[in-house]
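Here is a short briefing on packing and contacts in a two-chain structure. Take a look at the model before reading on.

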Amino acid sequence: MTDPSLVDVESLDQHPDSLASEEAEPTGRAKGRVITREMVLMLTVPPILIAAIFGGFVWWRQTAKLDIVEQNQLNWAVLFQSHWHQVFPSWNPLDWHKPFPSWNPSSWYDGPLLQGLIWEHILLTVVSAIIVVLIAVPLGIMLTRRGLNVLAPLVVGVANGGQAAPSVGLIVLLFLWLQGGFWTAVIALSLYGILPVLRNTIVGIQSVDPTLVEAGRGLGMTNRMTLFKIELPLSIPVIMAGVRTSLVLIAGTASLACFIDAGGLGEILQTGISLFKFSLMVTGAVLIACLALFIEWLGRVLELVTRPKGI
Amino acid sequence: MRDFVKDRWGEILYNALQHANLVFQAVLLATIIAVLLAVIINKFQKLESVANMLSAIGLTIPSFALVGLLLPLTKIGAMTAFICVAFYAALPILRNAVVGFSQVDADLLESAKGMGMSELGILMRVRLPLAWPVIHAGVRTSVQMSMGIAAIAAYVLGPGLGGYIFTAITQAGNENAVRYALVGTIGIIIVALIADLLMLLLGRLTISKGIRA
């Protein structure tokens, strides 16, 4: 039957993905490390899908007759360009024994390393996600400690409502305030991505059985020990679900970074829409979707790997 | 800022209503489709995890990318925005509807059958009311999500407040740019808050009294 408490959790929830993991958690704890059918599907199907779609793109890219605009936008260099070979000019596995070319720093390459649109997109996502985790997890922990925990329901409420805040609006406002560019986009993306992680950290720690913490105290554990040995390990599945949700949100929102000169794959799509060129629109969209799916999949793998064995 | 809003009050209000209207229509269609799909999925247990996977994959696709994929089919305009919003709105509802239906106690269905209720009667009078709190939570989530997606869909001239945000980009440097962006962003948040309150009210009115928390 419909359990009222469950409904409560669900109405709190904004992203159905994190909901599923919270729901699955109690059964997971009872049976040990379970891998459900759904998890298997989610871990196997997306990579196949990505490979198929990306393969289709590569095939089309190599065989179709591209006009000049398409050639410019879909150049492999534009997509994937990187400058590692300029950082390590002599790097060649065959002459590894050769010394580094110069010890004079002024001759070292100091331009951008990863310039392709895909790299830009990944860089935006990864940098923002790291910032999000570094800020949201400690902040979430702080908000569950005594003294500050009165604020926790407020933060959870804001985090739930935050989904409705339009990501474009946030990006554009920051752009008007700070000018465009990579770091403005990173700030916007981190602000947008913080909410799910913060929320799941608070909810995850709060849902740890208080008797377990009590037991820890009975064993003579200090505050810090109960946090690191009991509360955090038990709430990691929930926190990681939040991290994955936020990774997906960030990867998707990074496609809007092109509006503020921060690059990313959105650029192809934007060009496609401006020129009303279907090939560019579809390519841009497909690449963005593939990357988002891939990042989602990485998040799931991360979730599985970080889950403590006991639970 | 005050004068700015005052001068354009009628227009802003119109766009806010358009925004709410787009979300309302899209979510309504999404609810109907998702619940019907969930009824079918509920019949075949094996489909459940596949449906969950598909909705997870669907939610992963960024809305801007879906706009790009839809454009060749539906051209620039409100239709693209509508389909885009409805697509994302359907996914959380589908997920919750599947969960909601599967939580209905089999004994209750058994006894309903024993009382001579038809398949449709059981669905309408037993399963749907019992699953409705969960479905309703999904609809509420959908409404919130759709508000932000409708803003992005405004890039292809979808209706609503998102247009102000994109006006702000084209007017960057102009002193009105920030005002446009603020009107768009804050306007959407206000519309979303009001919509959420209405959804709460709808829940109060539609969730069967017997199972209300």
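B:A153 is in contact with B:V67, B:T80, B:A81, B:C84, B:V85, B:G158 and B:G162, leaving aside its neighbours within four places in sequence. The model is a predicted one.

**Nonpolar core**
- The largest nonpolar core holds 139 residues.
- B:A153, B:V85 and A:I171 touch the most other members of this core.
- B:V85 is also one of the contacts of B:A153.

**Contact between the chains**
- Chain A puts 47 residues into the contact, and chain B puts in 51 residues.
- On chain B, helix 3 (47-60), helix 4 (63-74), helix 5 (78-103), helix 7 (119-153), helix 8 (162-170) and helix 9 (176-206) each supply at least two residues to the side that touches chain A.
- Helix 7 of chain B gives the most to that side, with 12 residues.
- The side of chain B that touches chain A has 34 nonpolar, 14 polar and 3 charged residues.

**Helix packing in chain A**
- Helix 3 (residues 37-63) and helix 14 (residues 278-306) of chain A pack with their axes 10 Å apart, at an angle of about 155°.
- Angles over 145 degrees count as roughly antiparallel, so helix 3 of chain A and helix 14 of chain A are roughly antiparallel to each other.
- The crossing of helix 3 of chain A past helix 14 of chain A is left-handed.
- Helix 3 of chain A brings residues including A:M42, A:P46, A:I50 and A:F57 to this contact.
- Helix 14 of chain A meets them with residues including A:V286, A:E296, A:W297 and A:R300.
- The contact of these two helices of chain A has 14 nonpolar, 1 polar and 2 charged residues.

Technical notes: Residues are numbered from 1 along each chain as its sequence is written. Chains are lettered from A and ligands numbered from 1 in the order in which they are written. This is a predicted model: local features need pLDDT of at least 70, side-chain atom pairs count only at pLDDT 80 or more; totals for chains, interfaces and linings use all residues. Two residues are in contact if their C-beta atoms, placed from the backbone, lie within 7 Å. Helices (H or I, at least four residues) and strands (E, at least two) are DSSP runs, numbered from the N terminus. Ala, Val, Leu, Ile, Met, Phe, Trp, Tyr, Cys and Pro count as nonpolar, Asp, Glu, Lys and Arg as charged, and the others, Gly among them, as polar. Axes are lines fitted to C-alpha atoms, for helices over the stretch in contact, and angles run from 0 to 180 degrees between N-to-C directions. Angles under 35 degrees count as roughly parallel, over 145 as roughly antiparallel, 65 to 115 as roughly perpendicular and the rest as oblique. A crossing is left-handed if the near helix is turned anticlockwise from the far one by less than a right angle, and right-handed if clockwise. A nonpolar core is a set of buried Ala, Val, Leu, Ile, Met, Phe, Trp, Tyr and Cys residues joined through C-beta atoms within 7 Å. A residue is buried if 20 or more other C-beta atoms lie within 10 Å of its own, exposed if 12 or fewer, and partly exposed in between; C-beta atoms are placed from the backbone.
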